[in-house]
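User: I would like to go through this protein model step by step. Could you explain the terms as they come up?
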Amino acid sequence: YLGKRGLSDETIGEFRLGYASEEWRALVQHLAAKGFKFPEMEKAGVAVKRGGAQAITGNSAEYFDRFRGRIMFPIFDYNGRVIAFGGRIFPERENEAKYVNSPETPLYQKGRTLYGLNKSKQEILKKGECVLVEGYMDMAMSWQGGVKNVVAVSGTALTDEQLKILRRLSEKLIAAFDMDEAGEGAARRGIALALGAGFDVRVAASYGFKDPAEAVAADPKIWDGAVRGAEHIVKFYMNSIFKKYPPET
């Protein structure tokens with residue numbers, strides 16, 4: 001599946017992408033054999049505890065794997081340590097939730113984490129700009145395609161905490177969010193926060209594909225050109241307005 005999406009074996013290895021089996025307790029049993037306690041697994045977000053009358057205190061049957069039958073994206077902290085996971089369903093099972101993500105834990109706070117920043121921080125610092133994309137695949141494919149100063153917000157609006165982290169590296173942001181009606185609200189709120197924090201915000205909008213991952217899979221030059229040709233946010237908003245309403249009005 002990842003190969004069909006355009007990811008190379010090298011990139012799959014680079015981001016340590018993997019697979020969670022269909023079994024209900026494969027990981028729980030594996031971790032238990034290594035000496036981890038079931039409450040620790042639950043606290044780390046990789047196991048879920050059954051509720052109700054079925055629960056038997058201390059019994060492994062109480063716990064099952066959070067991630068089953070999914071493509072796994074490890075989520076790293078700033079220093080490259082795995083703190084959480086995102087699990088993507090295979091396309092033939094699209095009737096289930098597309099992604100299952102780790103819950104908030106003592107190690108992982110979603111609003112303080114940016115996917116891929118552990119790899120891209122030096123590129124962001126060197127280029128003086130950060131490209132913001134929405135998903136894990138967008139980030140990994142952008143990296144593979146040569147635009148390495150990139151991070152993913154993982155489907156949430158930008159937060160103050162994320163912006164403070166990025167501000168230490170760059171004052172220029174290039175957003176590649178879904179700016180259609182569905183995604184517009186969250187994207188606009190994040191952009192407004194970034195402007196309020198003093199960032200120079202631009203938008204990579206015109207590249208003719210659903211997302212950066214598809215653009216890179218077609219031709220990395222398309223995505224590179226979209227980033228290089230990013231419009232200032234004010235110009236982008238003005239052009240958007242003029243597409244909806246006649247300028248003469």
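Analyst: Two strands pair if DSSP finds at least two bridges between them. Helices (H or I, at least four residues) and strands (E, at least two) are DSSP runs, numbered from the N terminus. This is a predicted model, in which local features need pLDDT of at least 70 and side-chain atom pairs count only at pLDDT 80 or more, while totals for chains, interfaces and linings use all residues. Residues are numbered from 1 along each chain as its sequence is written, and side-chain values use heavy atoms, with hydrogens and water left out.

User: Which way do strand 7 and strand 9 run, parallel or antiparallel?
Analyst: Strand 7 and strand 9 (residues 172-175) run parallel and are joined by three bridges. Within strand 9, alanine 175 stands opposite leucine 132.

User: In what order do the five strands of that open sheet come?
Analyst: The order is 8-7-9-10-11, and the pairing is mixed. Strand 8 and strand 11 (231-232) are at the edges with a single partner strand each, so one side of each has no neighbour in the sheet.

User: And strand 4, what does it pair with?
Analyst: Strand 4 pairs with strand 1 (residues 18-20) in the antiparallel sense over three bridges. Arginine 70 in strand 4 is the bridge partner of alanine 20. Strand 4 is also joined to strand 5 (residues 82-88) by six bridges, and these two run antiparallel. Phenylalanine 76 is opposite valine 82 in strand 5. The hairpin of strand 4 and strand 5 has five residues between the strands, and glycine 80 there takes a positive phi near 90°.

User: How many residues of strand 4 are buried?
Analyst: Seven of the seven residues of strand 4 (residues 70-76) are buried, so the strand is largely enclosed by the rest of the structure. Buried means under 20% relative accessible area, exposed means over 50%, and partly exposed lies in between (1.4 Å probe, protein chains only).

User: New topic: which residues have the most contacts inside the largest nonpolar core?
Analyst: A nonpolar core is a set of buried Ala, Val, Leu, Ile, Met, Phe, Trp, Tyr and Cys residues joined through side-chain atoms within 4.5 Å. The largest one has 34 residues, and those with the most contacts inside it are Leu7, Leu17, Tyr115, Val131, Val133, Met139 and Trp223. Several elements supply at least two residues each, among them strand 7 (130-133), strand 8 (150-152) and helix 9 (220-228). Helix 5 gives the most to this core, with six residues. There is also a second, separate core of 24 residues, which includes Leu158, Leu169, Ala175 and Phe199.

User: What does methionine 139 touch?
Analyst: Contact means heavy atoms within 4.5 Å. Leaving out residues up to four places away in sequence, methionine 139 touches Phe15, Tyr115, Gly116, Ser120, Val133, Val150, Val151 and Ala152.

User: Is serine 142 buried or exposed?
Analyst: Serine 142, which is found in helix 5, has 0% relative accessibility and therefore counts as buried. Its side chain is joined to that of tryptophan 223 by a polar contact of 2.8 Å. A polar contact is a pair of N or O atoms within 3.5 Å; within protein, one must be able to donate a hydrogen and the other to accept it, and residues adjacent in sequence count only if both atoms are side-chain atoms.

User: What about the aromatic pairs, how many are there?
Analyst: Rings of Phe, Tyr and Trp (its six-membered ring) pair if their centres lie within 6.5 Å; planes under 30 degrees apart count as stacked, over 60 as edge-to-face and the rest as tilted. By this rule there are twelve aromatic pairs. Phenylalanine 38 and tyrosine 63 are stacked, because their ring centres are 5.3 Å apart and their planes are at 15°. That pair links distant parts of the chain, with phenylalanine 38 in helix 3 (residues 38-44) and tyrosine 63 in strand 3 (residues 63-65), 25 residues apart. Both phenylalanine 38 and tyrosine 63 are buried. Phenylalanine 236 and tyrosine 237 form a tilted pair, with 5.9 Å centre to centre and 50° between the planes.

User: Where does arginine 16 lie, and what is its phi?
Analyst: Arginine 16 is in the loop between helix 1 (9-14) and strand 1. Its phi is near 55°, a positive value in a residue other than glycine. Most residues other than glycine have a negative phi.
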